[in-house]
Structures are given as C-alpha cells and as structure tokens.
Amino acid sequence: MASVKLTDVKKIYDNKVTAVHDFNLEIKDKEFVVFVGPSGCGKSTTLRMVAGLEDISEGTLEIDGEVVNDLQPKDRDIAMVFQNYALYPHMTVYDNIAFSLRLKKVPEDEVYERVTNAAQILGITEYLTRKPRALSGGQRQRVAIGRAMVRNAKVFLMDEPLSNLDAKLRNQMRAEIILLRQKLDTTFIYVTHDQTEAMTLGDRIVIMKDGYIEQVGTPQEVFDTPVNLFVAGFIGSPQMNFLKAKLLQEGSGYSVEILGAKIPLNEDQNAVLKGKNIGSQDIILGVRPEHTTVLFDRADNAIECTINVNEMMGSELHLHLSSANDDRIIVRLPTVDLTKEQRNSLAYGSRMYITFPAKVMHLFDPETERSLIDG
Amino acid sequence: MKQLSDLEFLKLSKGQKFGYKLGRFFTGIPRAILNFFLKIWGFLKKCGVSIGRECADIVSTFIHGDWKTKTSFFIMGFGNLARGQILRGLLFLLFEIVFIGFMVISGGYWLSMLPTLGKVGPSKEYNELLDVYVTKYNDNSFQILLYGVLTIFFIIAFIYTWRVNVKQNRIAEKILATGKKLKSGKEDLHSIVDDQFHKTLLALPMTGIIMFTVLPILFMILVAFTNYDGTHNGYTNSLFTWVGLDNFNTMLSWSGGSGGAQSYAATFGEVLIWTLIWAFFATFTNYFLGMFVAMAINKKGIRFKKGWRTILVLTIAIPQFISLLYVSKMFAKNGIINGFLMDMGWITQAIDFFGDPSKPWLARITVILINIWIGIPYLMLITTGILMNIPADLYESAKIDGASGWQQYRKITLPYMLFVTGPYLLTSFTGNMNNFNVIYLLTGGAPTNAAASSASGNVGYTDLLITWLFKITTGAESKYYLASVIGILVFIVVALISLVVYNLLPSIKNEEDFR
Amino acid sequence: MSETTAKRHMGLKTSRAITNTTIHIVLIVISIIWLIPFVCIVLQSFRVENTGQVGYVIPKVWGTANYSNLFQTDFPRWYTNTFIAALVTAVLQTVIVLCMSYTLSRFRFKMRQPLMRFMLILGMFPGMLSMIILYRVLKDLGLTQENATPGLILVYIASSGMGYYVSKGFFDTIPMSLDEAARIDGATRAQILYKIILPLSKPIVIYTILTAFMGPWGDFVFARYIAFGASAGKNVAVGLYDWLSRDQISNNYTMFCSGGVLVALPVTILFMFLQKYYVEGVTGGAVKG
C-alpha cells in the first residue's frame, strides 16, 4: 500500500527514439489508475519503467516516497500481471503461485497458507495441481493474478491483462477485477487499450498518445470535458461526431452556425469564451451520438442528413448519416418509441433531421485541436 | 540503371521484369561495395571519436579528481581500497602487479624480438668433453611470434583494465558526492549472479574463443607475411622472419616458376573455380533433392511416413568418416561397384572413378553424386519441418484458383522455402566451400592434376582450396606461409560472397536506406 | 451426374493412385540406396576368407574373426580415446554452448551485437589454419602424440562457444515475459537460468549433448594432425583411416568394416532413442539461421 510518484520520467531508446516524454503523475495510496491509449502510445513502457523492467532514461520514480530508479524489480515491492500471463509452463499452479515466496525462503507451511488462501479467493483451488497448459484462458489469468496476490506487494501492476480473452470472458473478468480490488485494497496501475475497461475500472484515467499524456481525470471528467480532439474521439463508443462549423460572436453572446442552423450557446459557455477573449472563428463541433435528437420532419435549426447505413443493435438503432458538408455522423436511436411507419422510413438514401442542445456541444479549435471551453 | 516506379514496373513484360531486376542487381554491386567501405570508414571514424572522448575523459578525471583518484592513476585499485571497496581494489592491484611482473620478466623480451623474430639461429658448437659437434638452439621464431602476439593482447587488456579503474574512481566520487553508498564487496559478489550475470557466463566461452580461435587466426595471418615453412621452422633448422608482401606476390603472380611450372595464380584460379562449382552443386542438389524427398514423404496418402524418415535419419547417426571411407572404397577399381557392373556385363574393364587424370569430370561428378547421398537425409529433416509450417490455406486457395501441382510448388512452396532458408543456404554454401571431410576422405583430391601440381604440392582435380591448403602444410616442404595466404584468400572469398548475399539483396529493396 | 463429370472424378482418383504408387516405389528405391553401404559394411565385417577388398558383397565364409582380431590391435585403445573425448566434450561443450546462447538470447548488453558479428566473421576463416599453431602449442604443452586425447578435448571445447546458433534460436522462442515475471517474483538472473529456462529447454539441452557427443567420433583431420602417427594417441577415425592406406588395405579391409560397425553401433543406438530431440534441434536451428 503506497503512493507512486513519477516526475519528468522519460524513456529514450538507444536509437534515440523517445517513447515517453516528461511523464508527470502522482498516484495516491490505494488508488486505481488506468493508462489508456492506442498501441505505441508509451503506456506499457511507462508501466514497465515502474516495474523496473525498463531503465528510466530521465526523471525520478518514487514509491512510498523512496526513489527507486536504480532498484531491481524484486526490490521495489511490486507485483505484476502480464498480458500473456507469463506462467511458468513446467510448474504446477501451486508452484507457480508459490514461486516468489519460496525464493524469499518463506516457511513451507506459510507458503501453503498463503497460496491456498489466494486460490480460494480466485476460485482456482481445484486446479492447484495442474500445469498451466491444462487450463483455459480465464483460469490462467486467475493464476497469474494469484501469483501477484500472494506477494502482498505495495503496488499492483497489470499490463493489458484481459486482452487475450474473448469478449464474454473479458466482461466477466473485468467485474472480478473490481471485486478483487475491493478485497486487496492496494494501489493499482492498469494498462489497457480498451476505453470501456478504462472507464469501468479506473478511479482516474491517464489518456496517452505518442508518448505524451493527453488528459488525466476521473472517467466522468474525461467523458464530459475532453480537453482535445483526441481524447474526445478516444473516449466513448460509438465515437463522438465531428462536424465543420462556425463560432459566431454576436454582441454579448456566442452561437454556433452549422449548415444554416444556428444554435446559441448557454451562459456558462459564453462566460468561458468571453474570458478567453475568443472571437468568431471556424471550429470543429463535437457531439456524442447519444446526445443527438433525431427528427423525421424538417424543423428550425435542425440539420438535414442522408442515411447511409442503418445498423440494428436490438434496443437501439445506429444510423450512419452524411450531411451536406459531407461530415459523417452517427446517431443512436432507441427502438422502443419508433412506429412501424417511422422504421420503414429509415431506408438508405432517405432524409433525416438532427438537432442537439448547446450543453452537449464540444467546441474544438481546428488548428490546435484543443477544446475552446474545457481544459 | 534507372529506377522505375511501381506502376511502370508492373507494366513490363515477364522478360523485361527479369532483365530489369538483373540490371538493378548488377548496377547495385558498386554501390553496395562503396556502401561497405563507407560503413568501415564510419566505423573507424566512430572509433576515433570515442577514443578521443575517452582520452578527454581520462584527463578531466585526473584534473578534477581528488587525491585518491589521482593516486589510482599509478596504483590501480588505490581509490577502491581507500573508499572501502576492498575486493575490487585488491583485484585491480593484483592485476597491475602481475602485469608489471610479466612485462619485466618476459613480456619486454618478446616485444623487443618481435620486429626481427629472432636474431641467432641454431649453431654447431664443439663439445670438448665428448669431442663432437652438438647443435645449440638459440632464438625461437615461433615462440617469439606467438608470445609477442600474446604480450600485445595482454597490454591491450591492461590498458582496458586501467581505463575501467580510472572510470570507477570518477563514478565513485560522483556517487559519494550525492550522499549515496558505494557497492560493498558482498553486493559485488551478488551482482555476478544477477545483473552482471552475462559477464560471468561469457567469461569461460570467450576465453576459450580468444585463446583457441582468435589468437591462432591472428597468428596465421601474421605467418602469411613471413617465410615460415618446413625448412625455416624457426628453431631446429633455421629462423624465419618477416618478408612483407612477398608471399602474396607469389600467390597472385601469373608468371610461372622455373622449368615451365604453372604459376600459382593459375593453380589458385583453377582450384577456386572448382571449389565454387562444387559448393554450388553440393548446396543446391542437396537442397532441392532433399526437399523433394521431404515432400514425397509428406504427401497425403503416403504410408509409413515415420518409417521412411527413420531410415534416412539413421544414416546421419553413423559417423561420416565410416560412410565416406567405405563409399570411397566401394568406388575403387576393385570395389563393389565395379564388381557389380562387371558381373552384370555392362562394362568389361573396371572404371577408375577417382584415379584417372584424363577424366577429371568423372571424379568430380562422382563426388557430387556421393555428396547427394551424404546430404539428403539432413536436408530432408530440415525441409520437413519448414514444409509443415507452410499454412495449408495457401494451398487450398491456390487449388481453388486453379493452380496445378507444379504451379503450387513454383508459386508457393519454393518462394516460402527460399525465404525461410535463405540464411541457411548461405552458410551451407560457405560450409561446402570448406567441406574438407567429404573431399579428403572420398578422393584425397585425386586424380592428380599434373600441370597444377607443378606450382606446388600435389594438387588434384577434386581438391578444394581447403584440402590444397592442408596438403601444403603436410608436404615435405610444409609451406606454412603459403597455406596462410590461401587461408586469407579463402576468407576474402567467403566474406565477399556473404557480403553480397547479405547486403546487396536487401539493399536493393530498401535502397532509400543508404542514400 | 453426367458421364463426363463421372469420368473426371474417376480420373482424379486413379491419377492420385498412380502418383502415390510411384512415390512409394521411389521411396523404396531411395531407402535401398541409402541402406546398401551399411548393409555391405556389416556383411563384409563377417567375411573371413580374405582380408582385402573384393568385388562381391555376400561373404563366402562367415566368421567373427574380424571382430576378435580387433582386440589384437590398438583398436581398443583408440576406442577408449574416442569414448573419453566424446564423453568429456559432451558435458563441457554443452555447458559452454548453453552459457553462450543463454547470454546472447536473454541479455541486452552493449557489446552483444558486435560480439555476434565478430563471431560470424571469425567463422569465415578456415579453421584448418589454426591447426598448425595449435599443434605446436599443444606439443609444447606435451599434449600431442601419445597424449593427444586431452589435447583434442581442450581444442574441441575451447572454441565450442562459436556454435551457439541453434540453442540461441531455441531460447529466443521462450517468451521474455517469463524472465520478467521471475525477476518481479524476486529471482536473480542465475536463478532464472536454472529454475525457469533450463527446465523448459530439455529438448535443446539433449540436442546439444547429442551433437557434442557425436562430434569426436567423426573428427578426423585434427585428430590425425595431433596424434602424428603415435598409435596410442589416435582416435577411431584416424586409426581406421590408416588401415585403408595403400599398404595396409589388403590386410585390414575387413577389420576396418568390423571396427566401423563397432563405432557406429553405440552412436546409432543413442541416436535412435534421442532422434526426436535431434530432429527438433535441426529443424529449429535451420529456420533461425
């Protein structure tokens, strides 16, 4: 149980490629932090630097207030779960879990105690005498977690632990990790490329791209107030829609103009824009699919679109639309309230009208790609 | 040759495409060679820069260091001892003492003799007591050369260790300045099984390689610049000494020796050409036939797969010298093959497979055929594994596209095999160039090539460079210096081939890389 | 089904049957060709009517004299020499090769690439050249002629670090994350080697031992150089080779055959049991280059 503090941590490889730039983060005791980003963004490298598997090129890493840059992994008091489980194939499940304890010369009866205890929590007691080869993916994952658990480490590191599992098992294990976290009550750093995992697991999410931190915040914060186009597009599924639009300053208020529709901003937004002294300019307007209202008939300030694809998801429809600006837009449409007539009118090529209120709009500068309002 | 864009290239006909690739290949050679020398130049430059940096670092360490560091420049390990790292300090100190002791006792002598390789040869001295002349042995050129080289190795090792010693002082000062502790002897001992474990593991193998591979090679390279041979063995008959590039001139000159003897260069050329022909056929006949056998055994519907494989694999187990010697005797004039052919009435006179100088190609082709017999089981094994790795869906999709068996082989199997086994083919080719055992045990180089033998040694039509080299060292004259020259030339040929295959091919594909 | 398609189907079946029969015949012929020399050598080792070379295969008079006569010669000595060399080499060479290949597979140190390139270049020099100097050095150490065997062993194992390719290729296939997991679990590098990597590398360890053991049985040229005519220092290859020299062949040809059988026997039996590992090593090694 410990805090982890990274100050200006950098990773530069021998070929002068910088994988991680000035990483600054303070992780509180017992916090669950998720590093998320597309592959190659440096999230795993950062985790491996915390683990001691990669050298830290610059900056300092502190665990519990002690600088551990030069310590061997085993001396950092951390536990780690690997993506491909990294179970020792020639050892039984019991020996796998007991390996670290035996290296520390823990008495054999205590080893027994701790291993069986962990096995019980994870529900793998009946497999203890088997070799990893004879286990399913989910069971192997539990063994890997068990191996990390028995060490009672200060920090628990997980490197994409669920990405080798199939979708169903993944959902199940995700729930179990939440439970496990409550039982273990320790500091977690979790790496994933899957934003759903990040949102559901993390107390805080660190979104990374190309070795830089893009945004750090609680799941709610990064969802509601993404600071730039990348974060806005990365978090949320289906992805946020991005439309070409104009920001107009008229007297004391601002409004967004898009394809003839003109939507005035609310007071909070006006205040921020005015505070930043922003005038009229081109913008990229971001609207989440679930925040869009679909109309079947023409209306004021509604945008006319054509239907390209109609995806039936069961409880809702995903409509892929294109506007006169040739922006691609996805909207979600609950099926419960639709009449039969309305459903029939959703064929390829037919027209639709969409609208959205000011409070769900995200405004981005097309040049800097940063949010004009948030961050 | 001008580079075409992808679309232009695709428009070419089949023949044009081939011609284009061939042209690119050959026009690429000068560039590859240039590139190679540029690389060497770059490497040398890097060496120069880093030596300069090291020197600057040494000087600055001395200037900025404290008195412990400064003393360490003269008494190695002093800084370690003074700072409490007893184990390290003692090791450094011991090494310095051993080094100085060695240099004083013998190293200096070997170094001083190295430029001449000895001054006084064996002499006859009159022994009054016995009333006979006895030979008194004096300098030993061989030992001087060997220990001279060793001494130089030792000096280099000393300089390196001294540098490490200096560096450690600087690092230690830095660590102490930040208020941290130095590693204790116990931690040092622990690190040799942990973070420094690779050095521990490499110590023994590398010592062996340096003493028994690097040193002999270096020595023999030097011998190529001396006149070391049977009549100048450096001790019991007469000393040998440096002769500069004379031996290379002899080997590479086209003018023949006295009495109409063939020149060395002509003999060398003859043997080299046969060596290359042999290596080519030995490699590719085995490769393709081995692959065919493997494919035949792998084919669906063939029974006893394991049985066929075991029969062939077991022949690998039998030591090669037995099978080679036995087969060579089978092909002897009074051997089983001739006996069989005569019994069948196909021939009336025994065929002299390996002894007839008027039919060099009979011997050569027989050797290649026998080598197929030797090599196929091994190649069958290698290719079986790879063939099974080719994804079955490739074949399935090719079948649906309408490819015949031969087309499947040409378009799927062969490209895949060549891609995967490319490096193996290269090592196999160079290995065959130096395939001493097969030639020496089968034919011993026979039949004799009288014209070529007039240059030196008993050169035969099936002799490879490597067997010729061996014969030169064992003959009455034992021209070690010539053997060394041949060895160096073999190295150059092998290195050149490897260089072309390794560098040229990829460099044509990604030529942007070195522009 | 129309008549033509029926014909086509028939055609497919029969043509397949014809190819398969042909292949079976070819394989039988190949097997015979490959086995003939070995059958001959065994048959001739039991031929007692004549000790020289003859043009027929089946002995006219059968007997075991060739085997019993072996014990009147230095053959047992040669056999012992070779066996000891093979045994010691198998152990030490395996240790060295494994050290080397484990290091080059698992550690990323500064000199790794240059070291591998250096050894590649070293391998391009004909090894035969080193013989001259090694012979003189071993002679100074008193390890030639009658004492050739220890000298041979020394030379065999000293350079064996160069043959790391195959086992390194195998080690490379063991995921690095196992090492990493073990490091986090608190294992030192040495513990990783003997607790994780070695137990997982049984096939390649056996392969290395097997090839190291087989090497000395077939070594001819260097052994001959070092033994330098001293019968007590020869190994089987040199001894048997000399029996086939021009002036000895008429007396010793059949004894060469019986000696050959005795040499091939233990190696072949060993090989038969460990064939699986050999095949694994060879196929794995070739792909990695």
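Predicted model: local features only at pLDDT ≥ 70, side-chain atom pairs only at ≥ 80, totals over all residues.
Residues are numbered from 1 along each chain as its sequence is written, and chains are lettered from A, with ligands numbered from 1, in the order in which they are written.

Confidence is expressed as pLDDT, the predictor's confidence in each residue on a scale from 0 to 100. For chain A the mean pLDDT is 90, with 99% of its residues at 70 or more. For chain B the mean pLDDT is 84, and 95% of its residues reach 70 or more. Residues 506-515 of chain B have a pLDDT below 50, and this stretch makes eight contacts in the model beyond near neighbours in sequence, two residues being in contact if their C-beta atoms, placed from the backbone, lie within 7 Å.

Chain A contains 10 helices and 20 strands, and its C-alpha atoms fill a box of roughly 75 × 50 × 35 Å along the principal axes. Of the 375 residues in chain A, 39% are buried; a residue is termed buried if 20 or more other C-beta atoms lie within 10 Å of its own, exposed if 12 or fewer do, and partly exposed in between, with C-beta atoms placed from the backbone. Among the contacts in chain A with a separation of 6 or more, 66% join residues 24 or more positions apart. The domain assignment divides chain A into domain 1 (4-227) and domain 2 (234-364), such bounds coming from an automatic or database domain assignment. The centres of these two domains of chain A, taken over C-alpha atoms, are separated by 39 Å. Six residues from domain 1 of chain A and five residues from domain 2 of chain A take part in the contact between them. On the domain 1 side, α6 (195-201) and α7 (219-224) of chain A each supply at least two residues, and by class this side has four nonpolar, two polar and no charged residues. In this classification Ala, Val, Leu, Ile, Met, Phe, Trp, Tyr, Cys and Pro count as nonpolar, Asp, Glu, Lys and Arg as charged, and the others, Gly among them, as polar.

Two pairs of chains touch, and the most contacts are between chains B and C. This contact takes 66 residues from chain C and 78 residues from chain B. Several helices of chain C give two or more residues to the side that touches chain B, including α1 (3-45), α3 (75-106) and α13 (249-288), and the largest share, 14 residues, comes from α1(C). By class, this side of chain C has 47 nonpolar, 16 polar and three charged residues. The contact between chains A and C takes 17 residues from chain A and 14 residues from chain C. On the chain A side, β6 (78-81) and α2 (93-103) are the elements that give two or more residues, and the classes are 12 nonpolar, three polar and two charged residues. Chain A and chain B do not touch, their nearest C-alpha atoms being 9 Å apart.

The domain assignment of chain B gives domain 1 (6-54), domain 2 (65-116 + 141-231) and domain 3 (258-507), and 31 Å separate the centres of domain 1 and domain 3 of chain B, taken over C-alpha atoms. Helix α16 (residues 405-433) of chain B spans only 34 Å between its end C-alpha atoms, whereas a straight helix of 29 residues would span 42 Å at 1.5 Å a residue; the expected span is 1.5 Å times one less than the number of residues. A kink of about 65° lies at Thr421(B) in α16(B), shortly before Pro423(B), the bend at a residue being the angle between axes fitted to the seven residues ending there and the seven starting there. Buried residues of α16(B) include Thr421(B), Tyr424(B) and Phe429(B). Helix α14(B), with 30 residues, reaches 42 Å from its first C-alpha to its last, close to the 44 Å expected, and bends by about 40° at Gly375(B), with Pro377(B) following within four residues.

Pro357(B) lies in the loop between α13 (336-343) and α14 (360-389) of chain B, and is classed as partly exposed because 15 other C-beta atoms lie within 10 Å. The C-alpha atoms of Pro357(B) and Thr448(B), 91 residues apart along the chain, are separated by 5.9 Å. Not counting residues up to four places away in sequence, Pro357(B) touches Pro447(B), Thr448(B) and Ala450(B).
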